There are 2 protein chains.
Amino acid sequence: MEEKEIYDLIILGGGPAGSSCAIYAKKYKLNTIIISPEIGGTINKAHMVDNYLGFFDITGMDLGMKFSEHLAKFEVPIEYDFARKIEKDGDLFKVLTFSKEFVGKTILFALGLERKKLGIPGEKELLGRGVSYCVTCDAMFFRDKVVAVTGSDDHAASGAVHLAQNSSKVYLINPESELSCKPYWLDEINSNSKIQVLNETNVTEVLGAESVKGIKTTKGDLNDVEGFFIEIGAVPSDTLLSEFNVQKDDKGFIKVDSEQRTTEDGIYAAGDITTNSAKFLQVATAVSEGAICSYTIFKDLKKNARNKN
Amino acid sequence: MEEKEIYDLIILGGGPAGSSCAIYAKKYKLNTIIISPEIGGTINKAHMVDNYLGFFDITGMDLGMKFSEHLAKFEVPIEYDFARKIEKDGDLFKVLTFSKEFVGKTILFALGLERKKLGIPGEKELLGRGVSYCVTCDAMFFRDKVVAVTGSDDHAASGAVHLAQNSSKVYLINPESELSCKPYWLDEINSNSKIQVLNETNVTEVLGAESVKGIKTTKGDLNDVEGFFIEIGAVPSDTLLSEFNVQKDDKGFIKVDSEQRTTEDGIYAAGDITTNSAKFLQVATAVSEGAICSYTIFKDLKKNARNKN
């Protein structure tokens, strides 16, 4: 019978965190594979990326391509598929895709987040053409334009304040009866004449063909809106972990220590999926966590190998 | 009398942390200036950089240039000078360079580290041509070659193990009578036939003209060495902070919380100079800390402004 290859590290996810981890893993000579349907992750959906130091004026898709080239240069094997199950097999982990089985000593969870969607007409069609899920990333592209942001919490509130610095007018469309943000954001919003809050209001459609030309809400149409930001939260993609002792916070983000270890031996996490990153979901932070994680895994594997002898 | 410009943020240091912070500060519309004799920092001294995701096959100098271009694109003002003193002026900070004075609401310390030098002939002359201060960065460039690393602690010991994965032979040159590293590194070193430890040995000269062609030690010459790694520690560049309540750890690294605040209000730190980064001194981690810091400063300034009103 053919001996099955045992990987030092199986990386689930090909976004900035997983890709950065793989680059470093190669440096540490860890036998590593990425399992992911694509390289780039969320980045591929970004209109332009100009906040990852050294890159400016690059589309999200082109930056994802750069990551692919980097992985190819380092000869990182990539299985273009979804992981659908993880099983413990003695000290090892077995990852099942739809067609194959991979065995590894450690697993990195770098599956990112699924941004919560409104599920309204035009949302998907105009993504990257006026519709955005990231104020920090895209606010600058709407200088002197009218924008809207929908949501109720700190992300939506601070997003509105941020947008008001560039844009001529900001509608903050809050589905609840009042905002659930920190008091100073509320003060800021109330004293900023550019920001108009619409409480108990839902957006029902994004208008436009080539780009956003307005939004429909339950309180009427806003035809001056050219940029529409959806800041209603995000859900970690972690359904595979249900059988393991991996602790999460109350929002579902995976708890990690400062070196990216989860609470289950052999399972690590990096990027938007972790409690560390949850505060500030950026390429730069994900890349950093992936790098740190690789060094941690290198150290832990060496330590475990010595302890066994 | 002319009203003096008050910056929201004065960034000391133009390396990856300072530059990344400046990019984000512009996104948050903070009135920001960098004070630094150069952009790029330690990166400018790296032979090649291939571990910052998206960049491979680029010289340190060229990557520093990319950072400069990014700052120019974002119109970040840069004062090419050294800060030589910081004074408190009410709620504000006054930063004195050799010729000017800058006033800011907050200060970012991103001055990086000064790698400890041996101070021997050939060290400076052959830096980037066989002499390196970073195993993680440069190990790959010495595949199948003989290398030496000098130092006594975990950095030197793990460095030797890392080097042995690529190189044909590794001299670990330890000035002390025994290594002061973690036991598993010691086990690993003792069981690895590629690694030869020379205790109570000092390197006295690096040989070669265009590239390293050997090293002289107090126990004799090693003429087969083509790569020489100096891992004897690093000292944070923090002399300017002596008058402030900025806590440091026992090695002089600046203590920061997970959002990059120091223990002194209004003073932040990011990059190699911090306790967060101290474990893993990489471009990726510094860029991430700079980005996170900017968001923290944005939030803190908004909060302070509200509290005053």
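Two strands count as paired here if DSSP finds at least two bridges between them. Keep that in mind for the sheet stop on this tour of a predicted model.

**Stop 1: the sheet in chain A**

Select β14, β15 and β16 of chain A. These 3 strands form an open sheet in the order β14-β15-β16, with antiparallel pairing. The edges are β14 (203-206) and β16 (220-222), each of which pairs on one side only. Ignoring direction, neighbouring strands of this sheet are turned by 20 degrees against each other on average.

Now zoom in on β14(A) and strand β15 (residues 215-217) of chain A: 3 bridges join this antiparallel pair. Which residue of β15(A) stands opposite Glu205(A)? Pick Lys216(A) and you have it.

**Stop 2: the two chains**

Show chains A and B together. A 180 degrees rotation, with 0.0 Å of shift along its axis, superposes chain A on chain B at an RMSD of 0.0 Å. The two copies are thus related as by a two-fold rotation axis. To find that axis on screen, select Ser288(A): of the residues of chain A, its C-alpha comes closest to the axis, at 3.0 Å. Then colour the interface.

**Stop 3: two positive phi values**

A bit of background for this stop: most residues other than glycine have a negative phi. Select Lys29(A), where phi is near 60 degrees, a positive value. Lys29(A) sits in the loop between α1 (16-27) and β2 (32-35) of chain A. With 38% relative accessibility, Lys29(A) counts as partly exposed.

Jump to chain B and pick Gln260(B), another residue other than glycine with a positive phi, near 80 degrees. Look for Gln260(B) in the loop between β18 (234-236) and β19 (267-269) of chain B. Is Gln260(B) buried or exposed? Its relative accessibility is 1%, so Gln260(B) counts as buried.

**Stop 4**

At 14% relative accessibility, Glu79(B) counts as buried, because the cut-off for buried is under 20%. Show side chains and draw the distance to Lys100(B): a polar contact of 3.3 Å joins the side chains of Glu79(B) and Lys100(B).

Finally, display what Glu79(B) touches, leaving out residues up to four places away in sequence: Ile33(B), Ile34(B), Ile35(B), Ser36(B), Lys100(B) and Phe102(B).

Terms used. Residues are numbered from 1 along each chain as its sequence is written. Chains are lettered from A and ligands numbered from 1 in the order in which they are written. This is a predicted model: local features need pLDDT of at least 70, side-chain atom pairs count only at pLDDT 80 or more; totals for chains, interfaces and linings use all residues. Side-chain values use heavy atoms; hydrogens and water are left out. Copies are superposed by least squares on the C-alpha atoms of residues with pLDDT of at least 70 in both. Helices (H or I, at least four residues) and strands (E, at least two) are DSSP runs, numbered from the N terminus. Axes are lines fitted to C-alpha atoms, for helices over the stretch in contact, and angles run from 0 to 180 degrees between N-to-C directions. Buried means under 20% relative accessible area, exposed over 50%, partly exposed in between (1.4 Å probe, protein chains only). A polar contact is a pair of N or O atoms within 3.5 Å; within protein, one must be able to donate a hydrogen and the other to accept it, and residues adjacent in sequence count only if both atoms are side-chain atoms. Contact means heavy atoms within 4.5 Å.
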